[in-house]
Amino acid sequence: MAEHWLLLDIGNTHTVAGLFQPDGQRIAEVRFRTDPQCTADEYRMQLRQLFSDTLGQNVWEMADRAILSTVVPALEATVTKACDAVPVLSVNARLKRDFELDLPHPEQLGADRLCNVAGALSLVKAPMLIVDAGTATTFCLVDVRQAYIGGAIVPGLDTSWRALQARAAKLFSVELIRPDNAVGNTTELQIQSGVLQGYEALIEGMADRLLRDAGFAEATLIATGGCTRLIRLSDRFRMEPDLTLLGLFRYGQLNG
């Protein structure tokens, strides 16, 4: 019977779970909203149901190991308990990896960013800039030595939009659909333009500044994260929606 790895990418807003074989073949993938209050029994049941809907099988009878990345500390113990007899590898800065951390406090780097770097290096060569647009948008720089040297963190698109709605009494909620023209002639279009095209400009501008300040004459630019589906970045960005899962898989390969 084939071996299976359960990859769990737990973000602040959403969780992505993938079932892979050790040769890299993806068997199934499910997505659901992250709930920090979820119990181990609820988490186990939810994953069993979601994968059953996709595969028609019990994922807990298929998984031989789980590889976990979470930015929600409260859920690490919950998920480990939910996995029960399935051994869990939780990604952190102490695990074996194929890149360096040229940072004063490497233990502070989030598991999601570690996975993004690992996933990106499995696809392309350094130097590179990785943008992950989620609840927060993170920028990660990897130099020609395959060393992570730093980056930046800004509030995410949805986070910024919700904050604007909460604090600007006269602005109403609109559906976030990107207009082709940045010049809006109604309040609705101006909000859509500012929130979506404005966020594109933020990512493009921060990328330019980070590359300049890092002294990168050239680099591969990679974008991932749920909010990338709402915006349109320039062609210099390579879109990799499953980058974190690829990184989890790489950590599993290196830490068998």
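The structure, a predicted model, holds 1 cavity of 30 Å³ or more. A cavity is here a set of points, on a 1 Å grid over the protein atoms alone, where a 1.4 Å probe fits but cannot get out, and lining residues have an atom within 4 Å of a point. Grid points are joined across faces, edges and corners, and a volume is the space filled by probe spheres set on the points. The largest cavity contains about 30 Å³ of space. Its lining consists of Phe32, Arg33, Thr34, Asp35, Cys38, Tyr43, Gln46 and Leu75. Two or more residues of this lining come from each of β3 (26-33) and α1 (40-55); helices (H or I, at least four residues) and strands (E, at least two) are DSSP runs, numbered from the N terminus. The lining divides into 4 nonpolar, 2 polar and 2 charged residues, where Ala, Val, Leu, Ile, Met, Phe, Trp, Tyr, Cys and Pro count as nonpolar, Asp, Glu, Lys and Arg as charged, and the others, Gly among them, as polar.

Residues are numbered from 1 along each chain as its sequence is written. For this predicted model, local features need pLDDT of at least 70 and side-chain atom pairs count only at pLDDT 80 or more, while totals for chains, interfaces and linings use all residues; side-chain values use heavy atoms, with hydrogens and water left out.

The pockets come next. A pocket is an open set of points with protein on both sides within 12 Å along at least five of seven lines. By class, the lining of the largest pocket has 15 nonpolar, 16 polar and 10 charged residues. The second largest pocket has a volume of about 170 Å³, and the residues lining this pocket include Thr70, Pro73, Glu76, Ser90 and Glu107. Its lining has 5 nonpolar, 5 polar and 2 charged residues.

Strand β10 (residues 220-224) runs parallel to β11 and is joined to it by 3 bridges, and leucine 221 stands opposite phenylalanine 237 in β11.

Several loops carry backbone features of note. Most residues other than glycine have a negative phi, and most peptide bonds are trans. A cis peptide bond, with omega of about 10 degrees, joins alanine 126 and proline 127; proline 127 is placed in the loop between α4 (111-121) and β7 (128-133). Aspartate 84 has a positive phi, near 55 degrees, and is placed in the loop between α3 (73-83) and β5 (88-90). This residue, aspartate 84, is exposed, with a relative accessible area of 58%. Glutamine 146 also has a positive phi, of about 65 degrees, and is found in the loop between β8 (136-142) and β9 (147-155). Glutamine 146 is partly exposed, with a relative accessible area of 30%. Buried means under 20% relative accessible area, exposed over 50%, and partly exposed in between (1.4 Å probe, protein chains only).

Conventions
Pairing = 2+ DSSP bridges.
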